[in-house]
Amino acid sequence: DNTNPSEIGYEISFPMRGEYPRIRIFLSRVLADNPALALDHISFQRDHIDDATYTANVKFTLFLNPSR
């Protein structure tokens, strides 16, 4: 078991809209800048097959160690 009982995880969920490459760049940068953040779930949806804009539902977990 790799869980640390002294760590606290906060779930952060939000929708975002944009072109697929821009969403990927945003997520990559957020994860690179925040090593305590984990991407738990992402789903993409677009209204029509030829739409360039997607709605992405994103769920992160932010892990904190309150003893530090």
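This is a predicted model: local features need pLDDT of at least 70, side-chain atom pairs count only at pLDDT 80 or more; totals for chains, interfaces and linings use all residues.
On overall dimensions, the radius of gyration is 15 Å, whereas a compact globule of 68 residues would have a value near 11 Å. The C-alpha atoms, taken along the principal axes, fill a box of roughly 50 × 20 × 20 Å. Of the 68 residues, 16% count as buried, and the accessible surface comes to about 5400 Å², with 51% of that area belonging to carbon and sulfur atoms. As for the contacts between residues at least 6 apart in sequence, 62% of them join residues that are at least 24 apart.

Now to the helix, H1. How far apart are the end C-alpha atoms of H1, and what span should its 14 residues give? The ends are 20 Å apart, and because 14 residues at 1.5 Å a residue should span 20 Å, the two values agree.

The buried residues in H1 are Ile 23, Leu 27 and Val 30. Seen down the axis of H1, the buried residues fall within an arc of 65°, and therefore they line one face of the helix. The other side of H1 carries exposed residues, namely Pro 21, Arg 22, Arg 29, Ala 32 and Asp 33. What do the buried residues of H1 pack against? Their partners are the strands E1, spanning 8–19, E2, spanning 37–45, and E3.

As a general remark, in soluble globular proteins nonpolar side chains tend to be buried together. In this model the largest nonpolar core has nine residues, and these are Met 16, Ile 23, Leu 27, Val 30, Leu 37, Tyr 54, Ala 56, Val 58 and Phe 60. Two elements, helix H1 at 20–33 and strand E3 at 53–64, each give two or more residues to this core, and E3 gives the most, with four.

Conventions. Residues are numbered from 1 along each chain as its sequence is written. Side-chain values use heavy atoms; hydrogens and water are left out. A nonpolar core is a set of buried Ala, Val, Leu, Ile, Met, Phe, Trp, Tyr and Cys residues joined through side-chain atoms within 4.5 Å. Buried means under 20% relative accessible area, exposed over 50%, partly exposed in between (1.4 Å probe, protein chains only). The expected span of a helix is 1.5 Å times one less than its number of residues. The arc is that of the directions from the helix axis to the C-beta atoms. Contact means heavy atoms within 4.5 Å. The radius of gyration is taken over C-alpha atoms; the globule rule is 2.2 Å times the number of residues to the power 0.38. Accessible areas come from the Shrake-Rupley method with a 1.4 Å probe; for residues, only the protein chains shown count as cover.
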